[in-house]
Amino acid sequence: MSPNMKVPGFQVLCVLLFLYVFHGEAWARYKFVVEEVPYTRLCNTTKILTVNGQLPGPTLYVHRGETIIVDVYNKGNHNITLHWHGVAQPRYPWSDGPEYITQCPIQPGKKFSQKVIFSTEEGTLWWHAHSDLWRATVYGAIVIYPKIGDTYPFPKPAAEFPILLGEWWKESIAEEYNIVDSGSDPNASDAYTINGQPGDLYNCSKSGTFNITVRKGLTYLLRIINAALQDVLFFSIADHNVTVVASDASYLKPFSSSFIAISPGQTIDVLLEANQSPNHYYMAARIYTGVTAAGNPDYTTTTAIIKYSGKYTPSASPILPSLPYYNDTTSFLNFTNSFRGLADKKHPIDVPTVVDISLDYLFLVNLGFSTRVASVNNVSFVNPSIDILQAYYYGINGVYDTSFPDTTLQILTHKTEVKVLDYNSTVEIVLRTTDDAGSSHPIHLHGYSFYVVGSGTGTFDNETDPSKYNLVDPPFQNTIAVPVQGWTTIRFKANNPGVWFMHCHFERHMVWGMDTVFIVKNGNSTNGKLSPPPSDMPPC
């Protein structure tokens with residue numbers, strides 16, 4: 001961890017940390033024990049799956065360009081995988097984590113040592129389970145500092161605080177998964193949480209409400225992560241604006257806002273200036289749905305408290321912020337459309353201006369069936385019996401086919417299909433939605449960040465909309481919310497060989513089949529070829 005950086009006690013990294021020497025390199029090594037432990041929330045005690053008994057799990061602290069080893073021990077009763085969300089893992093998808101895409105699950109009683117390779121990422125990312133619905137409680141922050149000797153592109157904050165937004169169910173997560181896997185809408189969560197705590201507005205929760213202490217006149221960095229399974233969230237701090245400075249471990253041109261809108265999987269870094277009268281102020285989060293009703297939404301509000309230091313008499317109750325209404329699409333779009341890449345000398349952009357491959361991907365919850373089905377281009381993804389990466393690397397036939405369509409099929413099909421990309425090809429994908437299945441689909445691409453060059457509501461017009469693309473300073477993200485009945489265009493260079501998952505980060509949609517896979521072929525040079533697998537890959 002960087003010197004002089006203050007971190008709240010609950011986030012102290014309770015992991016075994018030592019130097020791991022491999023081929024002359026010194027790598028930090030961490031121990032993650034996946035285990036069930038009892039937690040009490042909302043007046044009820046239930047066993048939940050955790051890492052090292054913590055909710056949220058331990059925060060990883062690294063510097064840009066470092067590599068670490070995480071030894072994952074599965075002492076729980078269920079299969080598990082872990083994903084390092086937003087970490088490109090150059091040439092090394094073996095540790096990426098999605099179940100049956102890049103590995104088979106870590107079985108109970110087994111261990112897998114995952115090498116996590118950081119490259120150009122700088123800012124905030126996170127890690128989470130990537131099997132069934134276990135990421136409901138198996139998740140934690142990743143803080144990526146600049147390289148040693150480098151600085152932030154903004155004044156150094158007085159302290160930093162990871163803020164992880166989540167959901168809590170009284171029922172077991174295994175039961176929730178069975179509901180979703182059967183093709184039904186999940187139950188609404190019983191609470192949203194901030195750093196694992198529901199907050200003052202829920203029963204039996206006030207004593208555990210998360211809080212941070214600030215000093216008037218100082219500025220603080222909040223690293224906000226939406227770890228919720230099902231919902232885009234609005235987040236705000238009473239009587240305070242924040243300055244948005246980064247998203248998905250990539251810096252933005254700073255802008256001020258009274259709230260943020262954050263999708264599942266997304267991270268947003270903001271600066272909070274403690275410039276109000278000393279008092280207690282709520283930070284709060286609640287749902288954005290985009291429609292009047294979507295499945296079984298949770299309309300409750302989670303809170304934490306900002307406490308000013310010093311001698312004063314606080315209000316009888318902390319001041320509550322005014323959040324946008326749950327279906328305020330205008331506020332959602334105005335916020336997300338404010339993102340611009342920093343694009344300065346130290347943080348240049350390299351958006352492709354010439355496109356080799358143009359794809360049109362429709363993300364859809366298919367209606368008219370007795371159970372819920374979701375798809376990309378009318379292909380509902382089917383998990384294979386062994387992971388696709390293993391099948392690709394060893395040339396095992398019959399696991400997947402390479403006929404994923406570039407545009408939408410007329411008839412729904414259920415298959416394990418992938419799209420093959422040539423190494424170093426430049427790719428443009430128009431991501432589209434046409435259904436009323438909820439709020440904006442948050443689409444996440446593994447192994448890459450991409451430039452978000454355009455977005456809009458309504459039908460994409462291939463004749464006029466490309467002329468509005470931002471090729472000067474587009475944001476560089478790994479997760480993007482496609483507007484309800486709208487579109488978003490992304491571009492990236494396929495320079496990371498391997499097998500990489502793309503999916504909606506609403507967990508129910510991913511389970512129902514709103515997923516697809518890219519295989520990026522090897523290049524000619526050694527640095528353009530897929531690395532060999534480790535010796536301890538979990539067996540299928």
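Residues are numbered from 1 along each chain as its sequence is written, and side-chain values use heavy atoms, with hydrogens and water left out. Because the model is predicted, local features need pLDDT of at least 70 and side-chain atom pairs count only at pLDDT 80 or more, while totals for chains, interfaces and linings use all residues.

**Stop 1: the largest pocket**

Select Thr120, Glu121, Ser449, Tyr451 and Phe476. Among the 33 residues that line the largest pocket, these lie nearest its centre. A pocket here is found on a 1 Å grid over the protein atoms alone, as an open set of points where a 1.4 Å probe fits, with protein on both sides within 12 Å along at least five of seven lines; lining residues have an atom within 4 Å of a point. The space in the largest pocket is about 850 Å³, where grid points are joined across faces, edges and corners and a volume is the space filled by probe spheres set on the points.

Next, colour strand 16 (250–257) and strand 31 (486–493), each of which supplies at least two residues of this lining. Strands (E, at least two residues) and helices (H or I, at least four) are DSSP runs, numbered from the N terminus. Strand 31 gives the most to the lining, with three residues. By class, the lining of the largest pocket holds 15 nonpolar, 10 polar and eight charged residues; Ala, Val, Leu, Ile, Met, Phe, Trp, Tyr, Cys and Pro count as nonpolar, Asp, Glu, Lys and Arg as charged, and the others, Gly among them, as polar.

**Stop 2: the second largest pocket**

The second largest pocket holds about 340 Å³ of space. Select Thr336, Asn337, Val452, Gly454 and Ser455, the closest to its centre of the 22 residues that line it. Helix 2 (329–336), strand 28 (450–457), strand 30 (479–482) and strand 31 each supply at least two lining residues. Strand 28 provides the largest share, four residues. The lining of the second largest pocket has 11 nonpolar, nine polar and two charged residues.

**Stop 3**

Pick Leu125 to find its bridge partner in strand 9, Ile142.

**Stop 3: strands 10 and 11**

Strand 10 (residues 159–168) pairs with strand 11 in the antiparallel sense over four bridges. Trp168 stands opposite Ala191 in strand 11. In strand 11 (residues 191–194), Ala191 and Thr193 point one way, Tyr192 and Ile194 point the other way, and all are buried. Buried means under 20% relative accessible area, exposed over 50%, and partly exposed in between (1.4 Å probe, protein chains only).

**Stop 4: the disulfides**

The whole structure has two disulfides, each a pair of cysteine sulfur atoms within 2.5 Å. Select Cys43 and Cys204: their sulfur atoms are 1.9 Å apart, and the link is right-handed, with 90° about the S-S bond. Cys43 is in the loop between strand 2 (25–41) and strand 3 (44–51), and Cys204 in the loop between strand 11 and strand 12 (211–214), 161 residues apart. Cys43 is partly exposed at 44% relative accessible area, whereas Cys204 is exposed at 55%.

Now select Cys104 and Cys540, joined by a disulfide with S to S 1.8 Å. This link is also right-handed, with 75° about the S-S bond. Cys104 lies in the loop between strand 6 and strand 7 (111–117) and Cys540 in the segment after strand 33 (515–520), so the pair ties together parts that are 436 residues apart in sequence. Cys104 is buried, with a relative accessible area of 0%.

**Stop 5: backbone sites**

Go to Leu55 and Pro56, joined by a cis peptide bond with omega about -10°. Pro56 lies in the loop between strand 3 and strand 4. Then select Asn377, which has a positive phi of about 55° although it is not a glycine. Asn377 is in the loop between strand 22 (373–376) and strand 23 (379–381), and counts as buried at 0% relative accessibility.

How values were computed
Pairing = 2+ DSSP bridges.
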